Amino acid sequence: MASAIPSFAGDSVRQPAVAGQFYTADPSALKKEVQEYSAGGSKKASYPKILICPHAGYVFSGPVAGKGYATIDRSVKTVILIGPSHHEAFSGISISDADDYATPLGNVALAKDIIASLRKNPIVHCLRAADEPEHCLEVQLPFLQVMLPAFSIVPIITGNVDPQAVADLVYPLITPSTLVVASSDLSHYHENREAKAIDKKTIDAILSGNADGPIDACGETAIRAVMRLARKAGLSPELLDARNSFETAPQYCSSDRVVGYAAIGYFKTRK
């Protein structure tokens with residue numbers, strides 16, 4: 001049962017929790033940084049409908065996330081963000097009832113009509129303690145703000161919930177102008193070579209489509225949900241980049257304690 005946590009009643013803008021920590025709070029510098037990270041990505045023959053992207057501090061995970069965001073369709077109008085709760089344990093999922101999420105690049109509107117329809121499902125809650133300090137969805141927003149001219153979001157934070165239930169909830173929302181982003185890092189705080197071996201098993205499971213395979217990731221539920229969603233939607237995964245914090249920013253971390261990252265896109269299966 002979900003814990004009794006105050007909701008966002010009366011709040012209209014969800015303020016950034018990690019601006020100036022996970023990414024710079026300076027708008028000009030932030031835009032330039034995101035553009036530089038995304039410039040290294042390769043354009044694909046088609047656009048992904050689903051992305052798995054990391055959510056660490058930009059100096060560590062930004063180069064990997066940029067490879068994912070470089071591939072997206074600029075005409076996307078709705079982004080469904082799914083990521084784990086790092087601060088609050090609860091059952092089901094939490095969706096903010098704020099009107100907007102703020103970042104240094106401006107405000108992003110929530111897709112209120114879609115969210116209102118989702119609230120009819122008993123697994124959907126609105127939990128301040130889960131959303132207010134959470135970084136996993138917030139760090140995706142500057143990438144989206146730089147890449148997309150106009151969009152709204154459905155910010156889903158997962159608690160203890162069946163990934164299939166999340167996939168079933170999201171599937172009816174998929175349209176030609178929808179992008180789903182699963183926010184997750186991979187293994188945490190292993191030695192570099194050990195981490196790469198662990199992350200390879202996770203990536204292999206994702207690429208194989210085995211939604212019950214071994215996944216070592218903080219956003220395991222989000223990943224397993226989009227794997228099931230991709231199967232329903234006839235989408236196939238493609239690895240866009242995979243590195244860890246020692247590979248992206250060795251000057252800021254030790255090889256003895258690294259965090260893994262991957263960017264994986266799901267594209268329409270070729271017949």
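1. The charged end of Arg-257 is placed over the ring of Tyr-189, 4.4 Å from the ring centre; a charge sits over a ring if NZ of Lys or CZ of Arg is within 6 Å of the ring centre and within 35 degrees of the ring normal. This is a predicted model, in which local features need pLDDT of at least 70 and side-chain atom pairs count only at pLDDT 80 or more, while totals for chains, interfaces and linings use all residues. Residues are numbered from 1 along each chain as its sequence is written, and side-chain values use heavy atoms, with hydrogens and water left out.

2. Tyr-189 itself is found in strand 10; helices (H or I, at least four residues) and strands (E, at least two) are DSSP runs, numbered from the N terminus. The phi of Tyr-189 is near 65 degrees, a positive value in a residue other than glycine. With a relative accessible area of 47%, Tyr-189 is partly exposed; buried means under 20% relative accessible area, exposed over 50%, and partly exposed in between (1.4 Å probe, protein chains only). A further charge over a ring is that of Lys-232, which lies over the face of Tyr-171 at 4.9 Å from the ring centre.

3. Helix 7 (residues 192-208) has 17 residues, which at 1.5 Å a residue should span 24 Å, and its end C-alpha atoms are 24 Å apart, in agreement. The expected span is 1.5 Å times one less than the number of residues. After helix 7 comes Gly-209, with a positive phi near 80 degrees.

4. Which residues of helix 7 are buried? They are Asn-192, Ala-195, Asp-199, Thr-202, Ile-203, Ala-205 and Ile-206. Seen down the axis of helix 7, these buried residues fall within an arc of 155 degrees, so they line one face of the helix; the arc is that of the directions from the helix axis to the C-beta atoms. The face turned away from the buried side of helix 7 carries the exposed residues Arg-193, Lys-200, Lys-201 and Ser-208. The buried residues of helix 7 pack against several elements, including strand 10 (188-190), helix 8 (220-233) and strand 11 (235-244); contact means heavy atoms within 4.5 Å.

5. At 14% relative accessibility, Asn-192 counts as buried. Its side chain makes a polar contact of 2.8 Å with the side chain of Asn-244. A polar contact is a pair of N or O atoms within 3.5 Å; within protein, one must be able to donate a hydrogen and the other to accept it, and residues adjacent in sequence count only if both atoms are side-chain atoms. Leaving aside neighbours within four places in sequence, Asn-192 is in contact with Asn-244, Phe-246, Ser-255 and Val-258.

6. In helix 6 (residues 163-170), the buried residues are Pro-163, Val-166, Ala-167, Leu-169 and Val-170. Viewed down the axis of helix 6, they fall within an arc of 160 degrees, so they line one face of the helix. The N-terminal end of helix 6 is capped by Asp-162, a side-chain oxygen of which lies 3.0 Å from the backbone nitrogen of Gln-164.

7. The structure holds six aromatic pairs. Rings of Phe, Tyr and Trp (its six-membered ring) pair if their centres lie within 6.5 Å; planes under 30 degrees apart count as stacked, over 60 as edge-to-face and the rest as tilted. The rings of Phe-60 and Tyr-252 have centres 6.4 Å apart and planes at 80 degrees, so this pair is edge-to-face. It links distant parts of the chain, 192 residues apart: Phe-60 is in helix 2 (residues 58-69) and Tyr-252 in the loop between helix 9 (245-248) and strand 12 (258-268). Phe-60 is partly exposed at 21% relative accessible area, whereas Tyr-252 counts as exposed at 53%.

8. Tyr-69 and Phe-143 form a stacked pair, 5.2 Å centre to centre with 15 degrees between the planes. Tyr-69 in helix 2 and Phe-143 in helix 5 (residues 141-147) are 74 residues apart. Tyr-69 counts as buried at 0% relative accessibility, as does Phe-143 at 1%. Ring pairs link Tyr-23, Tyr-37, Tyr-58, Tyr-69 and Phe-143 into a cluster.

9. The side chains of Glu-138 and Tyr-23 are joined by a polar contact of 2.6 Å.
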